[in-house]
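Could you walk me through this structure, feature by feature? I would like to learn how to read it as we go.

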Amino acid sequence: MRKGDDTGSTMRVGMIGLGSMGMPMARNLLAAGVAQQVSVFGRSPDKLTPALEAGAERCDTPRALAAQSDVLITVLPDLPQLEALIDGDDGLLAGLSGTLVLVICSTSSPEGVRALARRLDEQSEGQIRVLDAPLSGGTDGAEAGRLSIMVGGEHDDLERARPVLETMGIPVLLGPLGAGEVAKACNQMVVAATMVALSEATVIAERAGLDVEKLLGCLGGGYAGGRFLESRKQRLIDKDYTPSGIARYMIKDLGFARDEAAQQQVTTPQLSTLLTLYQDLGARGLGELDLTVTQRYIAELDQAPDSASRSSEST
């Protein structure tokens, strides 16, 4: 097959970062059959097994992955994890043999994405085309293939990657490179505020003697309802904080939002409060739990600091 011939079933797709989000995205891509070949790379090969069983091919190095990809999707926590795979004899750059659309799905700094794209453009002599495409919808959205995919970059580059991304959700081009990250920062501001509001509401209701399950049912039927409440409802009822969307990532995400707000000269009093809250949550040892642990954090705020610390260590 001629590299770069990326229409229909002739497209070759690579994926890096097959975790709680990336793995269902890969399975949906494989099931859709829009790619002639799907290749995967990971530092923990055993974690690739579900994708391999679904028909993906394993690559032992980023270089090998780049060599057999027209579109490369990365679902990593942030840019440093991607940058560690770029250079060197076995890095992505070493494997280039034609144009590669690199789709960065991490929630990252908009300027960081732009800087990385400039470096890759120079080092690859224009062969690497970058899209930033952070995701919203959580693991349930990834499983269902209905993620909101917020894209920044060039229209033509998105059109090349669109058949791939549409197996995972709905990609929307929001502006030039970095626009997807700005949109995700805005998204995270709303998610963080909603999570805190739900947490405060459930703690108040429980202490007042209300049935939290019935309360959330009522909220879901009114203006307070929505997909986020529905996705976290049972966790809040059960006080289930086992990791899904990890709470400490919100610190990073809100930090990016703060930086963008400063660059755009926007005063954001709520954002400042949210960032302080999540930083304190992390300092109390709750950051590795699910985002719904905000409920527990709120419930423990009236405890003595040493009591809250002992409680978190018992988890």
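Predicted model: local features only at pLDDT ≥ 70, side-chain atom pairs only at ≥ 80, totals over all residues.

Q: Which residues of helix α10 are buried?
A: Buried means under 20% relative accessible area, exposed over 50%, and partly exposed in between, with a 1.4 Å probe and protein chains only. Helices (H or I, at least four residues) and strands (E, at least two) are DSSP runs, numbered from the N terminus. In α10, residues 227-238, the buried ones are Leu229, Arg232, Arg235 and Leu236.

Q: Why do the buried residues of α10 line one face of the helix?
A: The general idea comes first: an α-helix has 3.6 residues a turn, so residues three or four places apart point the same way. Here, looking down the axis of α10, the buried residues fall within an arc of 135°, so they line one face. That arc is taken from the directions from the helix axis to the C-beta atoms. On the other side of α10, Arg227 and Glu230 are exposed.

Q: What covers the buried residues of α10?
A: We look for contact, meaning heavy atoms within 4.5 Å. The cover includes α8 (179-207), α9 (212-220) and α13 (294-300).

Q: Which residues have the most contacts inside the largest nonpolar core?
A: A nonpolar core is a set of buried Ala, Val, Leu, Ile, Met, Phe, Trp, Tyr and Cys residues joined through side-chain atoms within 4.5 Å. The largest one has 34 residues, and Met15, Met25, Ile73 and Val103 have the most contacts inside it. Elements giving two or more residues to this core include β1 (11-16), α1 (22-32) and β4 (71-74). Helix α1 gives the most, with 5 residues. Apart from this core lies another, of 30 residues, among them Ala193, Ala257, Leu275 and Ile298.

Q: How far does helix α11 reach?
A: The expected span of a helix is 1.5 Å times one less than its number of residues. With 15 residues (249-263), α11 reaches 22 Å from its first C-alpha to its last, close to the 21 Å expected. Its buried residues, including Phe256 and Ala257, pack against α5 (110-123), α8 and α12 (269-283).

Terms used. Residues numbered from 1 in each chain as written. Heavy atoms only, no water.
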